[in-house]
Structure formats: structure tokens, C-alpha cells
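Morning, everyone. Let me put the model on the screen, and then I'll walk you through it.

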2 protein chains.
Amino acid sequence: MAKRKAQEFVKHITPREEDFSQWYTDVVTQTELMDYTPVRGCMAMRPYGNRIWELIQESLDKRFKETGHENVSMPMLIPESLLVKEAEHVEGFAPEVAWVTHGGNEELHERLAVRPTSETIFCTMFAKWVQSWRDLPMKYNQWCSVMRWEKSTRPFLRTAEFWWQEGHTVHATEEEAHEEALLMLEVYREFCENVLAMPVFSGQKSEKEKFAGARTTYSVEAMMQDGKALQAGTSHDFGTNFSEPFEIQFLDKDGQLKYCYETSWGVSTRLIGAIIMTHGDERGLRLPPAVAPFQAVVIPVAAHKPGVNEKAQEITDALKAAGIRVKLDDRDNVSPGWKFNEWELKGVPLRVEIGPRDIEKGVAFCCRRDTNEKFSLDLNGLADSVKETLNSIQQGLFEQANALKISRTKDVYNMEELNEQVQIGYARTMWCGDRACEDLIKDETSATSRNIPFDEEPFHDRCVCCGKEADTIMYFAKAY
Amino acid sequence: MAKRKAQEFVKHITPREEDFSQWYTDVVTQTELMDYTPVRGCMAMRPYGNRIWELIQESLDKRFKETGHENVSMPMLIPESLLVKEAEHVEGFAPEVAWVTHGGNEELHERLAVRPTSETIFCTMFAKWVQSWRDLPMKYNQWCSVMRWEKSTRPFLRTAEFWWQEGHTVHATEEEAHEEALLMLEVYREFCENVLAMPVFSGQKSEKEKFAGARTTYSVEAMMQDGKALQAGTSHDFGTNFSEPFEIQFLDKDGQLKYCYETSWGVSTRLIGAIIMTHGDERGLRLPPAVAPFQAVVIPVAAHKPGVNEKAQEITDALKAAGIRVKLDDRDNVSPGWKFNEWELKGVPLRVEIGPRDIEKGVAFCCRRDTNEKFSLDLNGLADSVKETLNSIQQGLFEQANALKISRTKDVYNMEELNEQVQIGYARTMWCGDRACEDLIKDETSATSRNIPFDEEPFHDRCVCCGKEADTIMYFAKAY
């Protein structure tokens, strides 16, 4: 009993209202998603966190392949001479590059960057691979980790090393590249909403906030439960910004040598941080079934009674056979109540209890993690009703998050309103488009421009900051 | 016509008999499996090669999970102070480490190794994660790339950066760790033989050839078509060699604090080189169906005739629906004959031709890549007969490779016979176990000890080298 109390104490989670940031840290570490390492700013993804990443990967990779992309693997080191070819790009990344200067006992002639992103090495190879219009488009993606020497880091949200995918594509025309950038943004939006149950704002970044080297950057921006923005994914239209310095040219149908148009796009393990801060509650994680390592956990109650463990095993096998990711927790050294708490902490969407009385009645007693609703499901056809319930949980989590997003987004007409709104969420503004206003808003409210939505009608005609004429809608929010 | 001739010339493959090494390089580059990069010794895996690696990963990962392993992701950089903790280990790896010395514009206090392998960081984390016997075993794996600053490199076989998996496990007892090391060796053997269609010698490495830091190293060794050995996978029993310096201790059931026992095991993109050199022929690759990006290619013949393209599409859809990885090659700018050559070069196991006469007869005309055998398959039930054929090709490739392995392995009784045998294959020897004999054999024949087989009976009682009493069987061969 003493031991159990001690463990319960360790597992205390700071309430979100009290300190959202500490709540996040508590959840991330207590759920064993990751751990800190002796390597500055670098985390280890433990099995539970890593499995979420694998499920994200599977789901996205399927989407990438369906939209005609192929995976490749590029070197993790990039010679400095390549990195500096595109001026804006190197300016953006150089301050946070980790440099390899020695191989074995020898000093290198040229230092090598541990890739912070791979545009420059992709472009170098594209210049070799692209000859004629028949080679186009080339639509590639790679899954890897990249390194950015960040000053302050937080698990999943900002780590020196992080895992991601980076798509890189080359096209014959400007239009095609533009469509690709928008297509992948839409893939991200659909993925965030349908798989992560996380509603997003989809739109175009400002000139100030765009990617170093891009012509246009698009993003999907999520809203965390503290109302702050988290940039969940970006897609860049490069035009010929990289193909010119890297000389990626192709012989077109008309016999002319032309520069290619390019895109790149990526999401990272940051999404795991986004899941936590979108869905988590006072008792820990709440995982959307689509990316939950275990979608259901089966817990025998009064397991010493005859037939209970056998029935629990039978149910587990049946759910597994139906393609449900299920865990049987048959540990005999902790109580059912202990297990309930632990799997709630870990965010398993559905708990399935089975005890002597349930068996007698031919049911399993269930509890939904999203609503805490408790109900019995008939053992006949259990797999089907569990699947239905999981769908309902997936939907339920999205709706809860979407309700928050709607309630914490507001049109604002002046700086005072803006400043007030970004304390709790997103401010929708009219913006004149000037960098000066963007900078001033940041200085005065610490909110940054998130993105310019597609297909929304102006709701006013004056800039929220300077009061001059404005026809651009811009979302502002404080951001992670 | 001029252009096509030029391309055919480019695609000339050096005959294996003439220069096996050049044949290998020709095949690797012409099939677009990889390409050289401006980063010293580092390759890019192009879509075709990368897809083979993905299929290898899927197949192995399934086996790892079935045997109770979980994936994690560890930092790619390792502080020097960790790397040096196990003396033999650092001695083995230090000469080939790439060092990060600067982060952004600052020099680091301690330099960081780009991981050459991850024992030291896994051990550091295990020391944190393992407390009690209830935490054991921990059976982890990670998929990543590692970096070894090799002096001379060859695509897939020896590259500065390579992709691999590394399993790392911690156990409560010596026996359990030992069993784990042997279990994973057996997983590798079964995988090499059943998935890669590549027969292997499974056994224990000599003291000289074992992994830096291991107590015992086991390996699976394949035989390439030139008779040379390729170490395809290794599994290490560490005993407490790492857990002692890293202080990985657990509180056992008896209340005693004890050191853990560990293993590690890995295979890499080297396996792709092994596939090429095991199965390739004068016309290029021959891929085992289990890891072929396309198991069948459908080629319309006389595609301008009515109904041909439609039927080709219909067949492709039917094969795809049956779970076969199939490619429809409906390009209109190259001839069917051109396509035949290209897909033979790329090693697609089965070619399915469909033309007006085939449609009339209700068949598809097929050609097996392994035997070049040509035959018709009824369009009714085509998917089933294609599956059967693919199984037969998988089996056929294994049998061809196994016949070579058997014919090029011979018992030898003295140095003259040994020297002669290692020119063409593996020499099975009796060996006294002395390092001096192992060294002398290497000096005189350039063959190295491969491994000591399990469960083979001594065929003689004298050492092949010194003539003293010997009861250990050792395979010797020249090696990649």
C-alpha cells in the first residue's frame, strides 16, 4: 500500500488551469512517450511515443503514395558549399546548424552540416536526374530526422533533433508546382482533422513568416487548449528560387532548356505535441483511436474467479482478429482500479472490463476515455460495437476540439480587441499587408501572424493595426 | 533511333565472368537503385532501391514485433564521454567516427559523435529505465542510419552512411540474453532464406572477428556468385560487458541488486548488395518476389489495336486487387521489346504480355525472370496462377543460390587445399582455435574466418593450418 501511494504521488499531474506548460511536461514524461537524454536538446522516443509516430507515418505515407509520391533516402550530411547556394536559405538555417568537422582523426577540408532540412541536397541530385520533360514531375519524399541547434527546447514541440518527413518535388510548370503545394497542404489538413481529430486553419503565411528560400509558404495551424497556435505542417512553393542556383533544367517538348519549378512540404514529431495539447485532460492523454497504440484495453475484474481470465483472453483475441489494436492487461500485481488510472493516463480510447457478473449477463462493461461515459456492450458482436464506439470517439474528440476552436476565434477590429483575443485564442483580423503592422502587433501583443485563409470574405475594410485600407484577412495568435 | 542506340550502349553491363566487381557497379547504377552524391562515401537511395529497403523493413519489422520487440528512436549524436565508457568498443569505432564540434556559431564543450552504432546511448537510457525485475526484459529496436567514416566505399556494401536496424535488449539472466541473441540470429537466417531467397551459413564468429565490446558475436554469412562471403547480419551477446560500465542494474526478486545482461543485433542496406550479388545475371537484377517493388509488369503488345490497353488495365487492376505489386507499362514512346529489356534489367520477377491474339485466346503470355521460361496463363483465375508462379520464382531463386552454395563449399585438410578453395568459395576447415593460425591463413590466402557452425560434426581431428589437434569447425572465405 505504501508503494502504491508513492507511485500515485509521482503520477500527480498539474491541472491545466494552474499551469498549462507544466501540465504538458507532466503528461509527456509520465506517459513515457519520451525521455530526456544526455544529448543537449535531443530526446529519446520511448515505445509508446514511437508507436504513435509509426501510426502517423503509416497513415501519411499511404496518402503520399496515393498522390503519386515515392520515398527516397538522402545523405544526412550536407557540404557547406551546397548549403550556401541559395542565399536566403542559408541565412535562415546557418545559425542553427550542427557542423561535422572531423572524420576519424582527420580534419575535413570542408565542414559538413547535419541536415537541418534537405532542399540543397535534393536540388543537387535533381540537377543530375532531371534531363527532359519526360522525367517530370519527380515527386519524392523522405522519412528521417533533422537537426537544428535550438537554444531552448521542449519535448516534441521544439527539439534539436526531430523526426519528420520532407517531400520534395520538381515540375515542368509553375502551375503544376503551385497545385502540388496546395494539394499537399490539403493532405495535411485532411490528415490533421480526420486522423488526429485536430481542426486546423489552412492558409498562406506572410512574407515575414515564410520558409527561408520559398516564394510562398502555406501552413495548417492548430489551436491548443490554452488558445495558442501550433504550426502543424507547412508546404512551400519555391518557384525557381532553388532550381536557378542549383541549375535544375529540363529540355521541354518545344526543344527549349527551362528551369524547373519546385515544392517542399513537411510535418514532424511536433504533431505528437499537438495531439497532447489538443486532446489531453486532467487525467492525462486522450488519444484519437486512429493513432492510438492501443485502441482498447481489456481488464479482467475479479480475475481470480473461474473463467474471468479466459474470457478476457477470448475477448482480446476476437478484437485483435477484427483488426483492433487491443491490449490485455492481465498483470496480477496491481488492482483493476490501478490499471484504470494507468490506461486513462496513457489515453487509451476505450476500456473494456470483464468480470464474473458481466460474463453472467453476456456483456462487457466499457468506459470511453473521451466522455468518461460508462455502458455495457453485448459480447455477441462485440468487435463490431467496439469499432463503432471507436469511430464515435474519434468523431467526439474532433467535435470537442472544434468547439473550442470556434469559441476561441473572434473577429477583431482594433489593437485593443486583438490584444484581448490573443490571450485566449485566435484573432481574425483585416490586415493591410505591411510588415510594419505585423511587427508592431508582435511587439505589442506577442502574437504572430498565422496565416491568410482561403475563400473567406473580408468582414471589414480597415487594417486592425494602422487603420489604413485593408483587404487581406490574417489570423493572429500567440504561438508555440 | 540514334537516341535509342545511345541508350542501349549506356546500358551495357559488363559480364560477370569478365569483371564481377564492374558487373556489380553497372547493375547498381543502371537499375537506378542508388546514386553517388557530393558527400564523401554517402549514397542516395533512389525510389527503386529505397522501395526494396522498405519491403525489407516491413518484413523484418513484422518478425521483430512477433518476437516481442518494440521500436524506439534514440538521438543520432552521442557525447564522446559516453562513447569511451566501454574500452574495447571505443577502440573499435573511434577511428571511423564523424565528429560534430560546432553548434551554430559556437564551439561545443564536448564533441559529439554521429552515431556509428548506438550501444552507448541505449545503455545510458537503460540505466535510467531499468529498476526492478518487473521492468525486464526490455526488447527494443530502432530503424535509422549510422555513419562510419570508411576509407573506401562501395554502393550498399560499404558506405559511410548506411541505413539499418539495431536491436538492443536487456535481460535479467545470462541464459535469457543468450537465448535472445540466438533467437534473433535465427530470425535473420529465416528472413535471408525465405524472403531474400539467400541461403546462409549461421554460426559463431571467432574472438578476432567479434564485435567491439561483445562477449560473443553470431553471424549469418551469405555466398556471393563470385564465391566470396558477405556478412549479412550479426547478433551479439554482451553478457555484462556494457551493463557494468554503464551501471545498468536491477533489483531482483530476491532483493539483490544485479547487473543486467544485454544483446544487440543488426542488419543493414548491405542486404540490398547481397540480393544483387546473389541473384543478378548478365541482363541485370533478378529480384525475389518477396522484396520486388513490382512483382509483375503488364506490357500491352500492339497497343494501338482496339481493346488491348483496356485489357491490360483490367488485368493490372485484377492483379492489384489480389494484393500483387504490379506495374502497367503503357508508355507509348518505347517499343514492347524495349520495355522487356528494361524490366529484365530491373529484375521484375514476372512479365505479363497482352496482345490481340492473347485476348482472342483468353490468355496472357508470361515470362519468368528467374528461368526465362515463357508460357501462357489463362485469363480466368490469372491472379491465382500469377501468385503461384511468384511462389515458384521465389523458390527457384533460392534453389539456384543454394546449389551454388553447396557446389562451392568444400572440406579442406591443409593450407594448399584451403588456398585453392577460397579462390572459388567457402572452405570448411578444422581449426585449433588459435589466433595465430587465423592470422596466418589471412596472410597467406587473404581469406578470413567466417563462422563456427552449430550442430556440425568434426570431419577430421587436425588443424588445417598448424596440424595440431583441433575440434572446432570453422568456415573460411574471402569476404566483402
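I'll take the domains, then the interface, then a sheet, then a helix pair.

A caution to begin with: this is a predicted model.

Domains. The assignment for chain A gives domain 1 at 16-279, domain 2 at 289-392 and domain 3 at 409-477. How far apart are the C-alpha centres of domain 2 and domain 3 of chain A? They lie 48 Å apart.

Now the interface. On chain A, 43 residues are in contact with 43 residues of chain B. Several elements of chain A give two or more residues to that side, among them α3 (47-66), β6 (106-114), α6 (119-129) and β8 (161-171). Which element gives the most? That is β5(A), with six residues. By class, the side of chain A that touches chain B has 25 nonpolar, eleven polar and seven charged residues.

As a reminder, strands of a sheet pair through backbone hydrogen bonds, either parallel or antiparallel.

Next, a sheet in chain B. This one is open, with eight strands and mixed pairing. Reading across, the order is β3-β7-β8-β14-β11-β10-β9-β23. Which strands sit at the edges? They are β3 (70-71) and β23 (452-453) of chain B, and each pairs on one side only. Look at the β23(B) end. Strand β9 of chain B, residues 200-204, joins β23(B) through two bridges, running antiparallel. There, Q204(B) stands opposite I452(B).

Two helices of chain B go with these strands. Helix α7, residues 174-194, packs on the sheet and touches β8, β9, β10, β11 and β14 of chain B. The direction of α7 makes about 165° with that of β11(B). Helix α6, residues 119-129, lies across β7, β8 and β14 of chain B. That helix runs at about 30° to β8(B).

Last stop, back in chain A. Take helix α9, residues 308-321, and helix α12, residues 382-407. Their axes come within 9 Å and cross at roughly 65°. The crossing is right-handed. Which residues meet there? From α9(A) we have I315(A), A318(A) and L319(A); from α12(A), L382(A), A383(A) and V386(A). The contact divides into six nonpolar residues, no polar and no charged.

That's the tour. Over to you.

Key:
Residues are numbered from 1 along each chain as its sequence is written. Chains are lettered from A and ligands numbered from 1 in the order in which they are written. This is a predicted model: local features need pLDDT of at least 70, side-chain atom pairs count only at pLDDT 80 or more; totals for chains, interfaces and linings use all residues. Axes are lines fitted to C-alpha atoms, for helices over the stretch in contact, and angles run from 0 to 180 degrees between N-to-C directions. Helices (H or I, at least four residues) and strands (E, at least two) are DSSP runs, numbered from the N terminus. A crossing is left-handed if the near helix is turned anticlockwise from the far one by less than a right angle, and right-handed if clockwise. Two residues are in contact if their C-beta atoms, placed from the backbone, lie within 7 Å. Ala, Val, Leu, Ile, Met, Phe, Trp, Tyr, Cys and Pro count as nonpolar, Asp, Glu, Lys and Arg as charged, and the others, Gly among them, as polar. Domain bounds come from an automatic or database domain assignment. Two strands pair if DSSP finds at least two bridges between them.
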